[in-house]
Amino acid sequence: MFTLPSRSPLLPTQVRRSGLNAAFAAGTAVPVGDTPEGVALTPDAARGYVANRGSNTVSVIDTATDTVTDTIATGAGPTFVAISPDGTRAYVTVYDDGLVSVIDTVSNAIVTDIAVGAGATVVALTPDGARAYVTRQTTNTVSVIDTATNTVTATITVGDGSTGLVITQDGTRAYVACLASNTVSVIDTATNTVTATITVGPVPILLGLTPDGAHLYVTNVGNSTVSVIDTATSTVTAVVGVSAQPRFVAVSPDGSHAYVANSGPGTVSVIDTATNTVVENIGVGGGPTAIAVFPDGTHAYVTNAPANNVSDMATTLIPGHGSTGGQTTVTVNGHNLANATAVHFGTAQAVITANTATSITVLTPAGAGAVPVTVTTPGGTGPLGSFYYTPVPALTDISPVAGPVAGSDQEIVITGRNLAGAIDVYFGPTRAVIQTVSDTQITVRAAGAPAPGGAAVTVTTPGGTTDGLSYTYVDPSTVTGVSPNAGPTASGTQVTITGTGLASTDQVTFNGIRAPFEVVSDTTLTATAPPSGADGTVDVIITGPGGTSAGTFTYTADPNI
């Protein structure tokens, strides 16, 4: 009997972060075709297949070098990709032509096209590779393909707008996100029937399943959240707020984190599945759409549709940045990490709280700036990437300072310092949806509040949480009277407008023309009617942070002699 020598901790050489503000950005960007959407890895992770919807091609990436080695022409609108369990076939949905194209991964040639109907969106294979399930976003159906004969053998009715699709590792169930009905349909794959319908958030689009099949994560585009479903009870047990326009969600191989591509701000939100909280927002390319996590959990490919590239996003340190004061819980992912004796952030030693052969959980020491992270095991010491200490954020201004209690699509700009990587913004108890982020500015959209009034603005970044600004929710104004309600087209008529919520009025218009006005009280203002080119009754519009309200005024023609 003999003992294998211990090996130094290491990572694949392609895992890297580089470039300006690397603390909040993925590293390598691989140019592919136009508007890349779906991405899938072969079982050995040696190649990635990317569906380029805008150029009607599939790019093949050599993952060892992060370079495109082949480009395959397809029909119109290739959207998502799935690889057979044996790695010999790639299945590509072709949305506009209503096809599933089957690619031989040895020759990278299309061997057949299977007609499924317009709107073919997401394809997933059963674990034995015997069947492929295909959603059709323009319908309420899922097509089932026999991969031995490449024929459609069943059509299953689900909710309207079937889009996202995943199949459990035991192959017994398929889950379908139905964006038009705000539901997830559960399919029994033995009978190809729907056994449950789960109501989730508005416009559910894509979904990811934990490896043990216990929890399903569903992105809701309508309110920028992720619904967490307990698959044993088919109930939503948590709702996690992310950033604007969430798309694909992928779960790490060990089930510890879920990664959500936020198309709006160009970030990937990292959700800790134990607490269902966002612990990090990683900047990637513009408009991230789909995510494929590598089997070892150390990095992921992210398609960036408007940027026409694929980011190679490191996930070796989750989160990869934290407070200068330390005490950030970080998961270190890699190889040969068993029996680690020390983890250093720069020269300072972290506290190890958990350890396996592929991951270590630590509490960071205090520090500053970018520091290398090294792990020491019986096999030696190896580098595990870099960690970025982030100063506490500071807020200086917000504009506008008020808005309707019902919420608004208007963008609100928050300025300050050390805002990069912002995780959450709250107006009182109400979460605002992050639209864009830089080190000095965050733009958000405010959801509705429980009641009108002032709300403290708080921003959480990897460096901590700060406040100091206020935003005011106001009820919409109402107009109950305009007196006098008529006057000559030559203008100059002084009118008194009565109603409620008038104190915050920003603008008064008569038939779209601005009028001089003065606020007297919250129930009264005075205005001077502007001239009109014609007689008749026009709208008098009062505009303020709470919205708009209207009355009427009638212009009368001057008498003729």
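The structure is a predicted model, in which local features need pLDDT of at least 70 and side-chain atom pairs count only at pLDDT 80 or more, while totals for chains, interfaces and linings use all residues. Residues are numbered from 1 along each chain as its sequence is written, and side-chain values use heavy atoms, with hydrogens and water left out.

**Salt bridges**

The side chain of R445 meets that of E411 in a salt bridge with an N to O distance of 4.0 Å, the term being used for a side-chain nitrogen of Lys or Arg within 4 Å of a carboxyl oxygen of Asp or Glu. This pair links distant parts of the chain, since R445 belongs to strand 43 (residues 441-446) and E411 to the loop between strand 39 (402-404) and strand 40 (412-417), 34 residues apart. Strands here are DSSP runs of E with at least two residues, numbered from the N terminus. E411 is also partly exposed, at a relative accessible area of 37%.

| Pair | N to O distance |
|---|---|
| R53 and E37 | 3.5 Å |
| D104 and R89 | 3.7 Å |
| R445 and E411 | 4.0 Å |

In the pair formed by R53 and E37, the two side chains meet at 3.5 Å. R53 lies in the loop between strand 3 (47-52) and strand 4 (57-62), whereas E37 is in strand 2 (residues 36-41), so the pair ties together parts that are 16 residues apart in sequence. R53 is partly exposed at 27% relative accessibility, while E37 is buried, with a relative accessible area of 15%.

For D104 and R89, the salt bridge has an N to O distance of 3.7 Å. The pair links strand 8 (residues 99-104), which holds D104, to strand 7 (residues 89-94), which holds R89, across 15 residues. D104 is buried at 18% relative accessible area, and R89 is partly exposed at 27%.

A366 is placed in the loop between strand 35 (359-363) and strand 36 (369-377), and A366 is exposed, with a relative accessible area of 52%. Leaving aside neighbours within four places in sequence, A366 is in contact (heavy atoms within 4.5 Å) with T324, G325, G326, A348 and Y389. The C-alpha atoms of A366 and I156 are separated by 56 Å, the two residues being 210 residues apart along the chain.

Definitions and conventions
Helix = DSSP H or I, 4+ residues; strand = E, 2+ residues; numbered from the N terminus. Buried < 20%, exposed > 50% of the residue type's maximum accessible area, 1.4 Å probe, protein only.
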